[in-house]
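Keep the 3D view open and follow along.

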Amino acid sequence: MLVLIVAVSFAFPAFFFYYYYYYGHEHHGKNVPPGSFGFPVIGESWSYVQALKEERGSEWIQKRVAMHGNVFKTSLMGSPTVIVTGRPSNKFVFSADDETLSVKQPPAVVMLAGKHNIFELTGPRYKLVKSVVLSFLKPEALQEYIGPMDSLVKNTVKHTMKVKDTIHIVPFMKKLTFNLTCSLLFGLHDEPTNEALFDDFSDLFKGLWSVPLNLPGTAFRRALRARSRIARRVVLIIKGRREKISEGVLSAKSDMLSGLLAVEEESTDSTSSTLSDEEIIDNFVALMVASHDTTAILLSLLVWKLARDPEVYQKVSQEQTAIIKERHEKSKGELTWSEVQKMKYTWRVAQEMMRMIPPVFGNFRKAMKDINFGGYNIPKGWQPGWEAKGKPSVEARKTDGEDNKMSGKREEQEPPRQKTSPEEDVHLVSLALDSTMVKEKEKLKKVTIVTIRNVTKGIVDR
Ligand code: HEM
């Protein structure tokens, strides 16, 4: 016992000393940005994750900006980090080439999403995976999804209304977007498998927003285990999919998973190489992550806006009703691509929501070499983090106003700001109605759409 106590009392100070020596002094004389690395290993991850969960992410950053300026150092998700804020910073991050800043994720995220995922790839392998992803997200491909998407949304709304009096928007959107992604992007139609994947991904998503400690009982460990279960499941799916492709039942064009299975990298010596199971699993996980919370947040925010702003609701409703009315005269089919094109005001509301409350709070890069920015050195290997700042400052809005003189009148484009704050709005789902659902309208009025006070918290605390 005594030996243990002595060992622990020695190990702790030694560890702290190593940590601060490594992070603090290794770069001594390099003029790294001011700030604090927080605790060893976890750095400032805990307070950062807490802030994000409480929708105080910007506040967390602003507090440090007030102390240290627009560029400050910290340690997040297992990596020394430099948060860069403000317009010049964003310009710097998004205009840097791959040799300067690479879109690498923090080590903890890589452990969950996999080292072969698209956000980690560079060179030919990146181009290969990106080509498959883009082929399923380009407008021509999206047109194919509209009909099935419309059916799936309507069926889900109808089914949910049958079994529930109250629809909680955040969980509803999370499930809806997950099912849409499984079915349309990945061609996964087996309900029990999708249910199991949903549960596992819910654990994995929580891990992405957790302190990266692989210890019993932590969210991060649960996420790692969920990732293993997902991988085992996807291996089986891949096996079945390969068989169907070889039988000619499915092709590279059927869905993104089949596309990833069929794609080949051409090399100069006329050999080609396909993606391994591991590469496919990693990209499946990463694409699920990239597509899921983003769309679920945006759709939740849209409902939230419609519930709280009668003027916007009225205009969106008018636009949707006009489209449905026109359709009644022509056909009684599903939603079409040309109808989506007519949803100009609805789309502007969505864009405005993304501007005010960006679904992606920010992201990280990795410095591929020592960089100089804002008068500071960012050492090679550190991760610069950018913030998508919602509700731009008055100054920025003035500049935006100037910019928009060229493209049109912003005031006309912008939906009015929130005016009232009713807790619910019974008509919201009716926007998704077409002729087949008009009869359901009365029933819909009984459905309470519970808007959420804190959308991002709802997403993180799934
Ligand atoms: C409202 C919905 C969405 C928003 C707001 C959004 C936002 C973003 C942002 C900000 C980035 C850049 C990240 C960075 O540079 O650090 C990004 C990249 C990416 N997103 Fe989305 N996204 C959305 C939907 C989707 C969907 C549905 C998919 C489909 C799978 C997707 C796949 C990707 C991929 C693959 C990348 C990486 C692209 C690359 O590195 O070349 N996103 N997204």
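## The big picture

Of the 462 residues in the protein chain, 32% count as buried, where buried takes 20 or more other C-beta atoms within 10 Å of a residue's own, exposed means 12 or fewer, and partly exposed is in between, with C-beta atoms placed from the backbone. This is a predicted model, and local features need pLDDT of at least 70, side-chain atom pairs count only at pLDDT 80 or more, and totals for chains, interfaces and linings use all residues. Residues are numbered from 1 along each chain as its sequence is written.

The protein chain has 19 helices and twelve strands; these are DSSP runs numbered from the N terminus, with helices (H or I) of at least four residues and strands (E) of at least two. Among contacts in the protein chain with a separation of 6 or more, 69% are between residues 24 or more positions apart. A contact here is a pair of residues whose C-beta atoms, placed from the backbone, lie within 7 Å.

## Around the ligand

The ligand is surrounded by 16 residues, and the closest are A290, S291, T294, V360 and N363.

What's the shell made of, by class? It has eleven nonpolar, four polar and one charged residues, counting Ala, Val, Leu, Ile, Met, Phe, Trp, Tyr, Cys and Pro as nonpolar, Asp, Glu, Lys and Arg as charged, and the others, Gly among them, as polar.

## L302 in α12

Helix α12 also contains L302. L302 counts as buried because it has 22 C-beta neighbours inside 10 Å. Leaving out residues up to four places away in sequence, L302 touches V349, A350 and M353. Its C-alpha atom is 9.7 Å from that of Q351, which is 49 residues away along the chain.

Start with β11 (residues 383-387), where five of five residues are buried. Q383, G385 and E387 sit on one side and P384 and W386 on the other. Strand β11 runs parallel to β2 (residues 79-84), joined by four bridges, and I83 stands opposite G385. Strands count as paired if DSSP finds at least two bridges between them. Strand β7 (residues 362-364) pairs with β11 in the antiparallel sense over three bridges. Here N363 has W386 as its bridge partner, and N363 is also one of the closest residues to the ligand.

Now for β2: six of its six residues are buried, so this strand is largely enclosed by the rest of the structure. S79, T81 and I83 point one way, while P80, V82 and V84 point the other. Strand β1 (residues 71-76) pairs with β2 in the antiparallel sense over six bridges, with S75 partnered by P80. The hairpin of β1 and β2 has two residues between the strands, and M77 takes a positive phi near 50° there.

## A helix pair

Helices α9 (residues 191-208) and α10 (residues 219-247) pack at about 145°, with axes 7 Å apart. Axes are lines fitted to C-alpha atoms over the stretch in contact, and angles run from 0 to 180 degrees between N-to-C directions. The residues of this contact divide into ten nonpolar, two polar and seven charged. On the α9 side they include L197 and F201, and on the α10 side F220 and I230.

Methods. Near = placed C-beta within 6 Å. Contact = placed C-beta atoms within 7 Å.
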